[in-house]
Structures are given as C-alpha cells and as structure tokens.
Amino acid sequence: MNRIDKKFSDLRKNGRKALIAFFTAGDFGLTATKKFVIEFEQRGVDIIELGVPFSDPVADGPTIQSSSERSLKRGTRLKDIISLVGQLRKKTQIPIVLMGYYNPILKYGPARFISDCVKNGVDGAIIPDLPPEESGELTAAAKGRNFDIIFFLSPTSSLKRIKMVSGMTRGFIYYVSLTGITGARSSLPAGFAARVKLIKKTSDKPVCVGFGVSMPEQAKRISAVADGVIVGSAIVKQMEKNSSNKKFVKNVGNYVHKLAEATHQ
Amino acid sequence: MKLPDKKGHFGVFGGKYVPETLMAALEELEAEYSAAKNNRRFAEKFRYYLEAYAGRPSGLYFAEKLTKTLKGPKIYLKREDLLHTGSHKINNTLGQGLLTVRMGKKRIIAETGAGQHGVATATVAALFDLDCEVFMGEEDIRRQALNVFRMKLLGAKVTPVTSGSKTLKDAMNETMRDWVTNVRATHYCIGSVAGPHPFPMMVRDFQSVIGKETRRQILKAEGRLPDYLIACVGGGSNSMGLFYDFLDDRKVNFIGVEAAGKGLNTGLHAATLEKGDIGVLHGSKSYLLQDDFGQIKIAHSVSAGLDYPGVGPEHSFFKDAGRAKYVSATDTEALEAFRLLSETEGIIPALESSHAIAYLIKAAKKMKKSDLAVVCLSGRGDKDVDMVSQVLADKI
C-alpha cells in the first residue's frame with residue numbers, strides 16, 4: 001500500500017478526515033520549503049501538495065500566481081523539487097504529491113518524471129491542465145509504478161465524467177468546490193455538499209475538496225461531508241504575511257494547526 | 001483523412017489541455033457547433049452577415065505596380081483589410097457570435113493583441129446584444145490606443161492585464177481565468193486557430209471563406225490555381241483561412257510568415273514554428289517558445305498581433321507534415337514593406353500583414369515571373385499609423 005492509500009486507510013479507521021496543505025515549492029527558498037514540510041507534519045497536516053512553479057498558471061488566482069513568480073525568480077526547477085523530496089524522505093514519511101502544469105513535466109519527459117519521482121519518494125501528481133483525455137502518455141508511464149495521478153472533478157462535471165474520473169484517478173479525487181480559479185474566499189459555494197455526496201455515491205475513492213478554503217469553520221463544514229480538505233492560497237498568504245518575522249515557520253504552522261484541528265474534529 | 005480527429009488532435013498536436021471545469025463547456029460548444037454546421041438556417045445567417053454586414057466577398061486585387069517593382073511572380077492581394085472593422089477577424093467573430101446566441105449565453109469575452117480581434121468581438125457583441133469584456137495586455141493597450149477606444153465606443157469593457165509580459169499571452173491567461181469562473185453563462189470567443197478543441201477547427205472553418213473566395217477569384221482572373229499562398233502567422237487564423245481550401249491541391253505552396261522581431265538569433269522574436277519546440281499552452285499541444293525547463297518565453301514583435309509565443313496546432317501539424325513552409329520577417333523588414341505597399345499601391349497594410357509582404361520582397365527574385373502568388377492582406381494599417389510614424393518619421 002502506498003503512502004497516500006495508507007494515510008486514508010488510517011484516517012478512516014480513526015473516523016478522521018485529511019488536511020492537505022498546498023504551497024509553492026521554492027517560494028521563500030527551498031530550505032524554507034523543507035522546514036515547512038516538517039513543521040506542517042508536526043502541526044497535523046496529513047498530505048503535502050508541493051506546487052511546481054509555471055510561467056502561465058491559468059487555473060490560479062493572484063496569490064498563487066505571485067508565489068509561482070517568486071519561486072521562478074529564485075530559479076526553482078522541477079528537478080530541484082523532486083530531489084528535495086528525496087532529501088525529506090530521510091526525515092518524514094508524510095505523503096507528498098506535486099501539483100503543477102503539464103508543460104514543465106512534458107519538457108522533463110513523462111517517463112523520466114515518473115521514474116525520478118518514484119526514486120525520490122514523491123507519491124503522486126496533480127496536473128490542473130491535464131484532463132484524463134490527454135493523460136495517456138503520463139498514465140502509461142505510471143502504470144505498475146507506485147505513483148498516483150490524481151484527477152479533478154468540478155461543479156460542471158457530468159455524471160459520465162464523474163464515472164470516468166473516479167475510474168481513472170488514483171489516491172483520491174480532487175473536487176474543485178467552485179467554478180473559478182484558486183484563491184481564498186470567505187464563504188463556501190452553495191450546493192457543494194450535495195455534489196460531494198453525489199460523487200461519493202458514484203465512487204469509492206476518497207474525495208477531497210479544494211479551491212477557496214481559508215478558514216477553520218469552512219474546513220469543518222467540508223470535513224463533515226468529504227474525506228479531505230485542501231488549503232492553498234490561504235497558506236501562501238500566511239507565508240507572505242510572516243516572511244520577515246523571526247517566527248516565520250512557526251507562525252504559519254500555528255495557522256495550519258487551526259485548520260488541522262477543525263478538519264480532524 | 002479530415003483532421004482533427006474526434007478528440008481534437010492533428011497528429012500529435014491539438015487536444016484539450018484545460019482544467020476540468022472547462023471540459024463541460026468545450027463539450028457543449030463542440031455539440032452546438034457540429035449541430036450548427038449542419039443546419040441550413042445557421043449557414044444562411046452566417047453568410048448573410050458575412051456579405052451584408054462585413055462586406056464579403058473581399059476583393060482579389062492584382063497588385064500590378066508591386067509586381068513590377070519586385071520583378072518576381074504575379075502578385076495578387078486578398079483584401080481582408082477592406083472588411084468591416086478592418087481585418088479578417090470579423091469572419092470568425094460573426095460565426096462565434098451567432099453560436100453564442102444559439103447557446104443562449106449572454107456574455108462574450110475575448111483576448112486581444114493588436115486589438116483587431118477585440119474590436120471584431122465588441123462589434124458582434126453590439127450587434128447581437130451581448131455583454132462583452134476584452135482582456136488586453138497593458139503594453140498592447142499602449143501600442144494600440146485607437147483600437148482600445150473603438151472597443152469602448154462599441155460598448156465593451158476593456159480590462160488591462162498587468163501580469164507577465166503584459167501582451168497577448170497574458171491576456172489569454174486572464175481570459176481563461178474569467179471563463180473558468182463564469183463558464184455557465186459566458187462564451188470565450190478565441191480569436192485564432194489556437195486554444196483547446198474545438199476552437200482550432202471551428203475558427204479555421206469560419207475563416208476558410210478567405211480561401212474559398214480566393215479559389216473562385218483566381219480561377220476567374222487567371223484560369224488556374226496559384227503557385228504560392230503567403231500569409232503572416234501569429235496564432236495563424238488568416239493564414240489557415242487562406243490555406244485550408246487548398247489543402248488537397250498539392251501544387252499550391254503554403255508559406256506562413258512569422259515575426260522575426262529583432263532577428264532570429266537575438267532571442268527577441270515570435271518565430272514559434274521556426275525556433276520553438278513542442279509543448280502545451282493555452283489548451284493545446286503545439287510548437288512553443290519555451291526554455292529548457294518548459295517555462296514559456298516572452299515573444300517579441302513590433303506587431304502586437306504576432307507577439308505570441310504559441311501557434312495553432314494545425315500549423316504545427318502542417319510544419320511536421322511538410323505541407324506548409326514557415327519563414328519569417330524582421331521588424332525592420334516589416335516596416336519597410338509597410339512603406340513600400342503604401343507607396344506603390346496606395347494601400348496601408350496592418351503591421352501583421354506587412355510581414356507577409358516583407359517575405360515576398362525577399363523571395364520574389366527566387367520565384368518565376370510566370371508564378372502566381374496570393375498574399376493575404378489580413379488587415380489595414382490605420383491602427384498602426386501612430387506607432388509607425390514614430391519609427392519612420394525621419395525617413396518619410
């Protein structure tokens with residue numbers, strides 16, 4: 001059983017839901033990235049999503065666009081992120097997936113990408129501009145490997161697509177809570193709970209909900225219906241706010257801890 | 001075999017590389033377009049607007065003085081510059097505007113570089129009572145002030161894009177973000193043969209009227225098909241529109257002219273097919289200007305309409321299949337062509353179209369005098385006069 005499946009199985013035994021924390025790798029430097037992964041694990045995060053920066057992030061709002069730009073300015077590259085996970089594996093076994101756009105992966109070479117990821121202990125990939133229809137080359141390379149390609153569902157997905165995606169995704173289903181781009185919002189979209197229930201009725205894969213989640217109260221409401229809560233922009237914002245603070249890592253950890261408590265309740 | 005295939009692929013190119021939220025909208029559009037295509041009333045309506053509103057057919061003009069000056073092939077100009085709104089872009093926006101109405105969507109959005117597609121979209125939005133928002137890079141807003149005013153006059157909201165290079169690429173990112181947010185009631189009117197399936201196919205079909213007319217007109221004038229079809233390529237809609245009807249006429253040579261900017265070896269150009277390699281951007285797989293790590297490079301061209309690091313997937317297919325040849329012209333060469341056509345024929349071409357003329361200036365002597373060359377004059381140069389006057393002022 002791979003780390004992601006094991007995580008969901010353990011959580012299920014304890015009747016708990018997963019908190020999945022996203023931030024862009026290399027934003028504020030790769031050393032900070034390592035510290036955040038360790039800190040987040042200690043503060044209750046269940047799965048880490050490391051963003052791979054891209055010049056043209058069409059599914060992202062201003063917060064993640066800026067963090068992606070900052071990381072690229074520091075020269076962060078896909079291979080650095082993969083080997084960073086390799087280094088982290090000496091210290092932690094928390095599930096780590098990469099989230100990034102397809103072009104850098106295509107340029108790296110899909111087969112080489114999967115093989116380097118597996119070698120370094122990366123557990124999977126989430127690629128917002130790669131729907132199942134176009135994923136042939138990558139899923140073929142991942143076949144038989146211990147590596148999850150995680151696909152999305154959205155409020156506009158038809159029942160036919162729900163069935164297809166739940167058949168193809170591995171690890172979990174990433175449910176986008178709203179029609180839109182990433183970014184913290186103060187309220188949850190109406191009807192998200194009904195959609196999650198519909199997906200769960202159709203699929204036996206864990207369903208995790210992301211986009212727009214920023215407050216413990218929202219995390220609590222999501223974890224009441226879904227198997228996991230994904231928070232990204234709000235964490236990046238906390239990093240921006242605290243980046244010149246002496247307790248940079250701790251302070252962001254405090255925020256993440258509140259989200260974890262709300263999710264795990 | 002007719003391309004694209006069912007999944008929108010032209011060989012290895014094309015496809016639908018978009019977020020899940022947009023997949024339903026693309027499926028809807030595909031179904032709606034395929035129904036409309038086979039609907040006689042839709043075809044009649046489209047033709048009516050092309051003729052009575054946009055001014056088709058556009059003329060095929062024998063450029064006798066330019067022919068004499070260049071001492072090469074016999075040159076014909078396909079006068080898309082004479083259409084309503086000043087460029088070929090109206091062919092596509094009328095088609096997509098009618099589709100938007102058919103789908104019952106009330107809002108239409110578009111990206112624009114030179115502003116020609118933005119103006120053409122704002123125009124059909126006014127005509128068909130649609131709310132319209134056009135995303136335009138801040139840098140292009142500066143370069144194309146006249147078109148910005150035209151869009152506003154037509155009732156469109158023009159939203160400046162300040163991210164990245166502040167040009168067409170970033171305007172397209174921002175339009176995708178709006179679409180993903182408002183997808184249920186909004187149609188994204190892509191202005192080129194680019195983007196996810198079905199756009200490259202649909203825009204090609206709407207623009208193919210250029211080539212269909214050209215065939216009829218050249219047969220009437222010369223009794224035979226042309227040897228060369230020459231057009232500029234940014235995303236590639238006017239060139240695809242001119243080429244497509246001649247696809248099976250193997251003796252008709254297709255020449256696409258990209259923007260070489262300050263020179264192909266300076267890194268400051270937009271010659272995607274000549275200098276790029278295969279990647280995925282804005283919904284499809286195609287040639288791209290990118291670095292070794294798959295980050296998209298910033299394109300450069302004096303012409304805002306060609307200033308784009310990607311290109312339509314079918315052009316990528318044509319390149320690899322050897323069906324079309326892709327060449328380039330620099331900023332300087334395009335400006336020279338801009339002046340030459342104005343002086344010899346009394347026609348001020350758009351800077352984009354000037355690239356096609358510029359290539360002909362270079363290549364004319366290698367062609368035979370008995371050859372026939374058709375150049376797509378995709379747009380008129382009024383919008384560029386202000387900027388060109390700053391560059392050429394001391395030379396005129």
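## Charges over rings

Take A:Arg112: its charged end sits over the ring of A:Tyr108, 3.8 Å from the centre. For a charge to sit over a ring, NZ of Lys or CZ of Arg has to be within 6 Å of the ring centre and within 35 degrees of the ring normal. Chain B has a case too, with the charged end of B:Arg215 over the ring of B:Phe246 at 4.8 Å from its centre.

## What you're looking at

This is a predicted model, where local features need pLDDT of at least 70 and side-chain atom pairs count only at pLDDT 80 or more, while totals for chains, interfaces and linings use all residues. Residues are numbered from 1 along each chain as its sequence is written, chains are lettered from A in the order in which they are written, and side-chain values use heavy atoms, leaving out hydrogens and water.

## Rings meeting rings

Over all chains there are 24 aromatic pairs (Phe, Tyr or Trp rings, the six-membered one for Trp, with centres within 6.5 Å; planes under 30 degrees apart are stacked, over 60 edge-to-face, the rest tilted). A:Phe28 and A:Phe248 have ring centres 5.4 Å apart and planes at 75°, so they're edge-to-face. A:Phe28 lies in a loop and A:Phe248 in helix 12 of chain A, so the pair ties together parts 220 residues apart in sequence (helices are DSSP runs of H or I, at least four residues, numbered from the N terminus).

A:Phe248 has 12% relative accessibility, so it counts as buried (under 20% relative accessible area, with a 1.4 Å probe and protein chains only; over 50% is exposed, in between partly exposed). A:Phe113 and A:Phe147 pair edge-to-face as well, 5.9 Å centre to centre with 85° between the planes, and both are buried.

Key
Helices (H or I, at least four residues) and strands (E, at least two) are DSSP runs, numbered from the N terminus.
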